[in-house]
Amino acid sequence: WEFNGSFYQPSAFLMMGIPGLEALHPWISIPFCALYLVALSGNCMILFVIQKTQSLHEPMYYFLSMLAVTDLGLVLCTLPTTLGLFWFNMRRIGFEACLTQMYFIHMLSFIESSVLLAMAFDRFIAISHPLRHPSILTKTTVVKIGLAILLRGMVSLLPIPFLLKRLTYCGKTELSHSFCFHPDIMKLACADIKVNVFYGMIILLSTVGMDFIFIVLSYLLIIKTVVSLATREECLKALNTCVSHICAVLVFFIPMVGLSMIHRFGKNVPPLINTLVAYTYLI
């Protein structure tokens with residue numbers, strides 16, 4: 001502990017695995033290791049194929065590349081602590097390292113949300129205005145969208161580590177997961193965390209929340225366009241291009257929102273449920 005008058009700050013936090021199954025952590029690490037290998041090899045393969053195939057140099061595949069890079073970032077952020085905990089029982093993570101990991105996990109999650117929105121917009125333009133699609137989503141426009149997404153994620157979350165550093169911590173230093181999560185860290189403080197709660201909710205609603213609303217709006221407009229198509233075959237062909245994106249949206253948003261709500265409002269939720277939701281979000 002670092003002492004400075006009435007201000008206390010832990011030198012490190014202790015991460016948790018799966019409650020009640022600590023003895024099985026080496027075995028549990030096997031599926032996690034396999035999933036990390038699939039994520040690393042799969043996303044690298046996507047990037048390699050898109051880079052080498054000239055016919056895939058289109059907006060949809062540029063956004064898919066952004067999604068793959070973001071997923072690789074999330075893998076590299078969480079792999080050391082998760083496998084370190086399961087393999088070697090390395091529970092300790094430094095205070096500054098925890099804040100850094102938390103910042104990148106949240107930033108990359110917000111970037112992924114924005115990329116999914118950009119992909120929904122791309123599908124809307126491709127289906128509703130197919131002839132204007134190449135002129136609307138040019139390479140320059142895609143690059144600008146990518147930079148805006150990156151800047152938005154970086155700037156919106158920049159105050160979070162500083163809001164956590166100003167807090168006084170006491171008593172418990174155990175985190176609920178094998179990675180650092182903003183609501184999880186702020187609950188360990190024995191100071192007023194209203195500012196953290198308020199800012200966290202505002203940022204979550206104004207970024208991920210707004211992204212989800214616009215994704216739903218995009219698909220409502222797509223459905224409206226598809227219904228007006230002449231034949232059933234054309235309708236199915238148009239919708240078929242959106243199926244994988246819809247699945248990705250659901251797989252991303254449901255666990256993320258669920259984990260955030262559990263940490264903020266689920267005071268009586270069993271630790272095992274909390275852990276399962278967290279690892280579902282991670283995977």
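Is Cys98 buried or exposed? I looked this up first: Cys98 has 0% relative accessibility and so counts as buried (buried is under 20% relative accessible area, exposed over 50%, partly exposed in between, with a 1.4 Å probe and protein chains only).

I note that this is a predicted model, in which local features need pLDDT of at least 70, side-chain atom pairs count only at pLDDT 80 or more, and totals for chains, interfaces and linings use all residues. Residues are numbered from 1 along each chain as its sequence is written, and side-chain values use heavy atoms, without hydrogens and water.

Entry on the disulfide. I searched for disulfides, that is, pairs of cysteine sulfur atoms within 2.5 Å, and the count came to one. Cys98 is joined to Cys180, with 2.0 Å from S to S. Cys98 lies in helix 3 and Cys180 in the loop between helix 6 (159-165) and helix 7 (182-186), so the pair ties together parts 82 residues apart in sequence (helices are DSSP runs of H or I, at least four residues, numbered from the N terminus). The torsion about the S-S bond is about -125°, so I recorded the disulfide as left-handed. Cys180 is also buried, at 0% relative accessible area.

Entry on other cysteines. I found Cys33 in no disulfide, its nearest cysteine sulfur being that of Cys44, 15 Å away. Cys33 is partly exposed at 22%, and Cys44 is partly exposed at 43%.

Entry on Asp211. I located Asp211 in helix 8 (residues 194-227). Asp211 is buried, at 1% relative accessibility. Beyond neighbours within four places in sequence, its contacts (heavy atoms within 4.5 Å) include Phe110, Arg152 and Phe253.

Methods. Helices (H or I, at least four residues) and strands (E, at least two) are DSSP runs, numbered from the N terminus.
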